[in-house]
Amino acid sequence: MIGFQAKRTFLLGVKSLWLHRLRSTLTVLGMILGVCSVIAMLAIGEGASHDAQEQMRQLGSTNIIIRSVKPPEDKTARQETSQVAQYGLTYDDVERITQTIPSVTVTVPARRVRKDVRNLSRTTDTFIVGTVPWFPRVMNRRVGEGRFLTGLDVRYKENVCVLEPHVALALFPFKDALGQAVKIGSDFYRVVGVMEALSTGKGGTSSARLDSDAGVYVPLSTFTAYLGEVLTTRSAGSYVRERIEINDAIVAVPAVEQVLDTATAVRATLERFHRKLDYEVIVPLEQLRAAEKVKRTYNIVLGSIAAISLLVGGVGIMNIMLASVTERTREIGIRRALGAKRRHIITQFLTETVLLSGFGGVVGVLIGVTIPWFVGRFAGMTTIVTLWSPLVAFSISVMVGVIFGIYPAQRAASMDPIEALRHE
Amino acid sequence: MAAIVRLNDIWKTYRMGDTDVHALRGVSIEIQEGEYVAIMGASGSGKSTMLNILGCLDRPTQGEYFLGGQNVAHLSDDELSFIRSSKIGFIFQSYNLIQQLTVVENIEIPLYYQGWSERDSLKRATELAQLVGLSHRLDHRPNELSGGQQQRVAIARALSNDPLIMLADEPTGNLDSATGQEILRMLDRLQTEGKTIIVVTHDENVAKHSQRIIRLADGMAVDERRMRP
Ligand SMILES: Nc1ncnc2c1ncn2[C@@H]1O[C@H](COP(=O)(O)OP(=O)(O)O)[C@@H](O)[C@H]1O
Ligand SMILES: [Mg+2]
């Protein structure tokens, strides 16, 4: 008979709680903290999952990235010698992968080197990437102005280049970069296109992306012809000369379901022709799966903490209500003598617990939705408050109120009215 | 005229460990509508037990209790609650008002549990407050009232559901004699208006106001004396 004169029961509950303002406030505080933590937890979890999805979108869940790495023994042994270290992926590797693994639709080989790029007196230091015309399509990028490299550019080793917008801005702050020439090393390259800016989520771009630090794109053949296969880079005070045919390659697979099998095949193919471990295979999908697994554990831990704080709030409410029932034994006796049935007493006390927890829920939701905002603002984390998270938190808080209110209410209702009336 | 209260061989036995304590042993009495009855007896004679049974707060171990023709001796807890809210008016020695409620709200309690509408019960409670001379104190809390005023609120509350019987347990026990007299005169007046009143007391001066005294001793109604015809 919850509907029994609902308005008056509600007002009576408010009145009784108001009589012990401090006590009620402190009790509600426990509930507020619980609800806040639930909302904050959900918002941070949701933000993390959004970041993960954003990274997945950036890397392309259907891509496999292979890249040359210096084999472990080379790192120490050849440092000071003037000998050229040769290692890494080769054109043959890329060719073999494209030819022998049927699920591979296209590969994007790339070479990279760090160099100064000049326009008259302006200079910027960035990565020059030699690549193929289908790079933007596989990388899910778009050209902002002009065009990307073409098959003819590659075939005729044209001295053309496409700039990332930040490089274009650095070299040509006051005019359009298109059609202008830039100098890389001792050669001039005509700018034929400027990329659209890479959209970065709050989680930042993944360093596994080929274009995360790239500034200038040139045809792969031009790169090999003019910048050479032997690259000299300065590292730790000495010059290191390395011969690498291909720095990175992206292996594109048409469907997500085929990615893992294809990765196995790619690894097998490379293993057969490389004696040293001078390459690595990065499967964004695998990484994301692993990250999601970690996130799930993380969510369970956070969820448990939030649940515990709600429980603590509930226990606080129960504690207070038990004290209140004892304190109001006489009132219960009077009400029973004057005709209150057990369920009236239950309704009365349950109303008070639900009011406490419901009020705690409302305030908790109001504070709770602002916490993620602060976390996002000052801790730089992505937080997303979904519409349902306040609803979930609020209903849990009311449920906690009902569950923890039942015992005190039962206790109040089961009192013998004669005993209760005699109570001082 | 049918008796409004008829107790028929009422026993109340408390089990204390291995022994049975008989608080009431075969009490049989009748009270007519409009009677004013005092129940007296030494401490431990069974007065409280009898009052609890008459007030439907407790059930006899054995025997029959007809209240207004209905046998209420063995009703369920909920049914007894309903009888209390609709047919019985309680007046206690220590008033038993609820502290956080106002005068009007206290008077309204039995009506609330009977499911009266807010408007009707407010109207009735206001009328009753006027009847007991507290119409200027409607929104006061019990602790702002004197003992006599509080007992008047309790009388108004006992009247609110227009009960078959009014049960008063030492109604003047906490009051000085002048105020006590005032309360007793109020009960007298209610009796002349046709109310049935049962008072439990050990005070002969209180008992004098009744028409009839039932004396309890060792759980038995031994003496039944009509004072005023
Ligand atoms: N709840 C109880 N449990 C056990 N014995 C009780 C209980 N209530 C009353 N009694 C016993 O019943 C007898 C009558 O008690 P009571 O009705 O309170 O007498 P009175 O009110 O006249 O003093 C006493 O002997 C008392 O000890
Ligand atoms: Mg007694």
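Which residues form a nonpolar patch on the surface? In this predicted model, local features need pLDDT of at least 70 and side-chain atom pairs count only at pLDDT 80 or more, while totals for chains, interfaces and linings use all residues. Residues are numbered from 1 along each chain as its sequence is written, chains are lettered from A and ligands numbered from 1 in the order written, and side-chain values use heavy atoms, leaving out hydrogens and water.

**View 1. The nonpolar surface patch of chain A.** The patch consists of A:Val362, A:Leu366, A:Ile367 and A:Phe394, with about 330 Å² of accessible area together (Shrake-Rupley method, 1.4 Å probe, only the protein chains shown counting as cover for residues). Patch residues have over 30% relative accessible area and no salt bridge, and nonpolar side chains are joined within 5 Å; a salt bridge is a Lys or Arg side-chain nitrogen within 4 Å of a carboxyl oxygen of Asp or Glu. Helix H12 (residues 342–368) of chain A gives the most, with 3 residues (helices are DSSP runs of H or I, at least four residues, and strands of E, at least two, numbered from the N terminus).

**View 2. A:Leu366 in helix H12 of chain A.** A:Leu366 counts as exposed because its relative accessibility is 56% (exposed means over 50%, with a 1.4 Å probe and protein chains only).

**View 3. The shell around ligand 1.** Residues around the ligand (a heavy atom within 4 Å) include B:Tyr14, B:Met16 and B:Lys47. H1(B) gives the most to this shell, with 3 residues.

**View 4. Backbone atoms beside ligand 1.** Polar backbone atoms lie 2.6 Å from a ligand oxygen at B:Gly44 and 3.3 Å at B:Ser45.

Definitions and conventions: Polar contact = N/O pair within 3.5 Å; in protein donor to acceptor, adjacent residues only side chain to side chain. Patch = residues over 30% accessible without salt bridge, like charges linked within 9 Å, V, L, I, M, F, W, Y side chains within 5 Å. Buried < 20%, exposed > 50% of the residue type's maximum accessible area, 1.4 Å probe, protein only.
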